[in-house]
Amino acid sequence: MKKQHAFALSALASLLVVGCATGPSTADLDQMAAAVVKSSFSDKGIVKVSAIAPEDINVACTAADVAGKPLDPAVAEALQAAQLKTIKWPADGNYMGDWKAGEKLAQSGRGLTWTDKADTANGGNCYNCHQLDPKEISFGTIGPTLTGYGKTRGVIADPTSPASKAIIEYTWGKIWNAKAYNACSVMPRAVHKGIITEKQAKDLMALLLDPKSPVNN
């Protein structure tokens with residue numbers, strides 16, 4: 001074990017000693033944790049250590065969570081505004097793909113592991129947090145149900161109508177970078193972080209909004 005790793009672990013363990021009057025500051029603890037991460041992880045296959053590099057938005061949300069307080073509204077607004085700028089809208093103006101491809105994507109959790117090849121198509125893993133098809137009996141509940149997503153929002157009658165524009169753009173943006181709408185959202189920033197492609201995002205849009213999709217039936 002690396003000396004730095006051992007030292008950091010020893011320092012963290014010392015905090016558990018009963019009767020310890022004082023301990024390292026939050027900044028010291030953050031530094032120790034960073035040292036542990038740095039010494040414990042390395043690039044392997046397609047998975048790079050840079051994937052866990054801290055970002056302002058994650059640091060702020062983690063700090064708020066540790067403090068047991070919601071993120072300051074002004075800070076949240078500024079962070080969301082920065083994330084909103086990362087969203088790229090379809091150059092051709094077409095938001096809809098193939099809902100059948102979207103369904104396969106939503107039900108797949110494969111990809112992004114060190115044993116995968118760089119050209120492996122990643123899954124969306126949507127089912128792990130959301131119910132999609134009302135006939136599903138196994139699904140996650142971290143996120144809200146998406147059953148009837150387009151139907152209940154009146155979008156599927158005509159997704160190209162001006163009345164549908166707001167929800168169409170919101171749905172696209174949410175898939176692209178969820179933190180643009182909720183700074184501390186636990187939803188993956190799917191397209192922004194390269195988890196899925198723009199084409200795959202269009203397929204998920206169709207899954208949520210196409211009247212023929214099982215989501216809306």
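**One loop, and then the helix with the ring cluster**

Mentor: Leu112 has a relative accessibility of 46%, so this residue counts as partly exposed. The model is a predicted one, and every value below is computed from it. Leu112 belongs to the loop between H5 and H6. Its phi is positive, about 70 degrees, although Leu112 is not a glycine. Asn125 is placed in the loop between H5 and H6 too. Asn125 also has a positive phi without being a glycine, with a value near 60 degrees. With a relative accessible area of 29%, Asn125 is partly exposed.

Helix H7 covers residues 165-176. H7 has twelve residues, and the distance from its first C-alpha to its last is 16 Å, close to the 16 Å expected at 1.5 Å a residue. Its buried residues are Ile168, Thr171, Trp172, Gly173, Lys174, Ile175 and Trp176. Helix H6 (149-152) and H8 are included in what covers the buried residues of H7.

Tyr95 sits in the loop between helix H4 (73-84) and helix H5 (99-106), while Trp172 sits in H7, so the pair ties together parts that lie 77 residues apart in sequence. Tyr95 and Trp172 are each buried.

Trp172 also pairs with Trp176: the centres are 5.9 Å apart, the angle between the planes is 40 degrees, and the pair is tilted. Trp172 and Trp176 are four residues apart in helix H7, which means that about one helical turn separates them. Trp172 and Trp176 are both buried. Taken together, Tyr95, Trp172 and Trp176 are linked by ring pairs into a cluster.

Rings elsewhere meet charged side chains. The ring of Tyr149 has the charged end of Arg153 over it, 3.9 Å from the ring centre. Over the ring of Trp114 sits the charged end of Lys44, with 4.0 Å to the ring centre.

In general terms, a disulfide is a covalent bond between the sulfur atoms of two cysteines. The torsion about the S-S bond of Cys61 and Cys184 is about -90 degrees, so the disulfide is left-handed. Cys61 is in helix H3 (residues 56-67) and Cys184 in the loop between H7 and H8, so parts 123 residues apart in sequence are tied together by the pair. The two ends fall into separate accessibility classes: Cys61 is buried because its relative accessibility is 11%, and Cys184 is partly exposed because its value is 32%.

Cys126 is in no disulfide, and the nearest cysteine sulfur, that of Cys129, is 8.6 Å away. Seen from Cys129, the closest cysteine sulfur is that of Cys126, and the 8.6 Å between them is too far for a bond; the cut-off for a disulfide is within 2.5 Å. Cys126 has 19% relative accessibility and so counts as buried. Cys129 has a relative accessible area of 23%, so Cys129 is partly exposed.

Ser213 is in the segment after helix H8 (198-209). The relative accessible area of Ser213 is 0%, so this residue is buried. A polar atom of the Ser213 side chain lies 2.5 Å from the backbone oxygen of Leu207. With neighbours within four places in sequence left aside, the residues in contact with Ser213 are Trp99, Ala206 and Leu207.

Note on methods
Residues numbered from 1 in each chain as written. Predicted model: local features only at pLDDT ≥ 70, side-chain atom pairs only at ≥ 80, totals over all residues. Heavy atoms only, no water. Helix = DSSP H or I, 4+ residues; strand = E, 2+ residues; numbered from the N terminus. Buried < 20%, exposed > 50% of the residue type's maximum accessible area, 1.4 Å probe, protein only. Phe/Tyr/Trp six-rings, centres within 6.5 Å; stacked < 30°, edge-to-face > 60°. Lys NZ or Arg CZ within 6 Å of the ring centre and 35° of its normal. Polar contact = N/O pair within 3.5 Å; in protein donor to acceptor, adjacent residues only side chain to side chain. Contact = heavy atoms within 4.5 Å. Expected span 1.5 Å × (residues − 1).
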